[in-house]
Amino acid sequence: MKGTPALAERMGKILTSGTLQVALDADRLRRQGVDVVDLGAGEPDFPTPVHVKAAAIAGIESNFTKYTPAAGIAELKQAVCDRYQQDYGVRYDTSEVIVTAGGKQAIFNAMEVLLNPGDEAVTHTPCWPSIPEQVKLAGAKPVLVHAHAEDGFEVAADAIIGALTPRTKVIILNTPCNPTGALISEEALAAIGEEAARRGIWILVDLCYERLIYDKVPHNVCRILSERARDLAVMAGSASKAYAMTGWRCGWAIGPAPVIAACGVLQSHSTSNVCSITQRAALAALTGPQAPVKEMLEEYRVRRDRLHEWLSQDPRLTCRKPGGAFYLFLNVVGALEATGIRTSAEFARTLLDDARLALTPGEAFEAPGFIRISYATSMDRLREGATRLLEFVRRRERTAVATGA
Ligand SMILES: Cc1ncc(COP(=O)(O)O)c(C=O)c1O
């Protein structure tokens, strides 16, 4: 008998998500009864707003439980158009919107329909791990442009433009960025949009954290791109982070009708429609009161400030306050030197084993030397997590000094 046939070659080219790995490791310990402080999770700890849950329950009770159009129900697509018109002053038609299983599928679909094998996709790091992996799944090559801690991880337009080649098919941007929380400035976005239009390059923007921006800074990505590169720009949004709906799986893509239609064909042959009940819930989220979004944002702000203050006690742990999302991206190079731990990946592993604190190492985001801390968790757990981190560095430093490591 012949042995088991090999998996498809493409599976050899992609990596498991470093962020999901932390969650798995923390969960394994928790199931053994260990008190783990998990600041690895990239999801809101808040419950989904009551009116959203009520809409889903009403959907079930009225038997709204059948297939829907693969690209989403018309009311929800209209609600997405209305929300973007209200929030950003841009007009899109329902033929320019598809409802997807989270922002992740919106981005995946777009890459599948835009990229050919051999194409290059220029994006920035530190980055959300699925972006380069999805580029590779489409057979293309991710070209990574580094953003730097000294500049608050702001993405520079000239760095992106400098990385473009005749093979570049797509520019992928993420703002606010996971893991850094940095926002791309409107000037940089305009410059990138103009250059993309001049060269005929698609722009894909991951806006999954667009509702989680702390200060009143100009950040109208949709308007800028619809003015400068409307026929080339695809924007991915999500109900997950804004409305505390990660498990429901609802996102959307907005973009040129032919691209959205192609995404619809792809989706119709793969996952088909997003769960009908979820679509009713997302409709309530987008059209109902927006106060819960603001309330959650205010709570994240307080947590961000407190966590930053606590960690600032140790000068070997440094970071700027992020402008959006809900992560601190901490430079731990000084802590590595003090403790004799070689890499941030090893730092995170040892931290979980020794101090029962789960954080995500920068390696997961193409940024060694850093650690991502999610503050989408209660203040008590954050306080406990910060205490464990500070004590861990001090304890390890003492051991390093004592052993001459
Ligand atoms: C930057 C970024 N984009 C997209 C997503 C996808 O989120 P979802 O598929 O839940 O909308 C995430 C989730 O963590 C993210 O961090």
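Where is Ala325 found? Ala325 is found in the loop between H11 and S9. Helices (H or I, at least four residues) and strands (E, at least two) are DSSP runs, numbered from the N terminus. The legends below describe a predicted model: local features need pLDDT of at least 70, side-chain atom pairs count only at pLDDT 80 or more, and totals for chains, interfaces and linings use all residues. Residues are numbered from 1 along each chain as its sequence is written, and side-chain values use heavy atoms, with hydrogens and water left out.

**View 1. Ala325 has a positive phi.** The phi of Ala325 is near 60°. Ala325 is a residue other than glycine. Most residues other than glycine have a negative phi. Look for Ala325 in the loop that runs between H11 and S9.

**View 2. Three strands form an open sheet.** The strand order is S9-S12-S11, and the pairing is antiparallel. Two strands pair if DSSP finds at least two bridges between them. Strand S9 (327–331) and strand S11 (360–361) are the edge strands, and each pairs on one side only. S9 and strand S12 (residues 370–374) run antiparallel and are joined by five bridges. Asn331 has Phe370 in S12 as its bridge partner.

**View 3. Helices H11 and H13 lie across strands of the three-strand sheet.** Helix H11 (residues 291–311) lies across S9 and S12. H11 runs at about 20° to S9. Helix H13 (residues 344–355) lies across S11 and S12. H13 runs at about 45° to S12. Axes are lines fitted to C-alpha atoms, for helices over the stretch in contact, and angles run from 0 to 180 degrees between N-to-C directions. Contact means heavy atoms within 4.5 Å.

**View 4. An open sheet holds seven strands.** Their order is S2-S8-S7-S6-S5-S3-S4, with mixed pairing. Which strands are the edge strands here? They are strand S2 (97–100) and strand S4 (141–146), each pairing on one side only. On average, neighbouring strands of this sheet are turned by 20° against each other, direction ignored. Strand S6 (residues 202–206) and strand S7 (residues 233–238) run parallel, with four bridges joining them. Asp206 stands opposite Ala236 in S7. Helix H4 (residues 102–114) lies across S2, strand S5 (168–174), S6, S7 and strand S8 (251–254). H4 runs at about 160° to S7.

View 5. Most peptide bonds are trans. Pro176 lies in the loop between S5 and helix H7 (186–199). Pro179, too, lies in the loop between S5 and H7.

**View 6. Domain 1 touches domain 2.** The domain assignment gives domain 1 (10–39 + 291–396) and domain 2 (50–287). Such bounds come from an automatic or database domain assignment. The contact takes 28 residues from domain 1 and 32 residues from domain 2. The C-alpha centres of the two domains lie 26 Å apart. About 2600 Å² is buried between domain 1 and domain 2, and carbon and sulfur atoms give 64% of that area. Buried area is the accessible area (1.4 Å probe) that two parts lose on being put together, summed over both.

**View 7. One salt bridge spans the interface of domain 1 and domain 2.** A salt bridge is a side-chain nitrogen of Lys or Arg within 4 Å of a carboxyl oxygen of Asp or Glu. The side chains of Arg301 and Asp215 meet in a salt bridge (3.7 Å, N to O). H11, S9 and S12 each give two or more residues to the side of domain 1 that touches domain 2. H11 gives the largest share of that side, seven residues.

**View 8. Arg381 forms a salt bridge with Asp35.** The closest N and O atoms are 2.8 Å apart. This pair links distant parts of the chain, 346 residues apart. Arg381 sits in helix H14 (residues 379–403). Asp35 sits in the loop between helix H1 (18–31) and strand S1 (37–38). By the salt-bridge rule, the count comes to 27.
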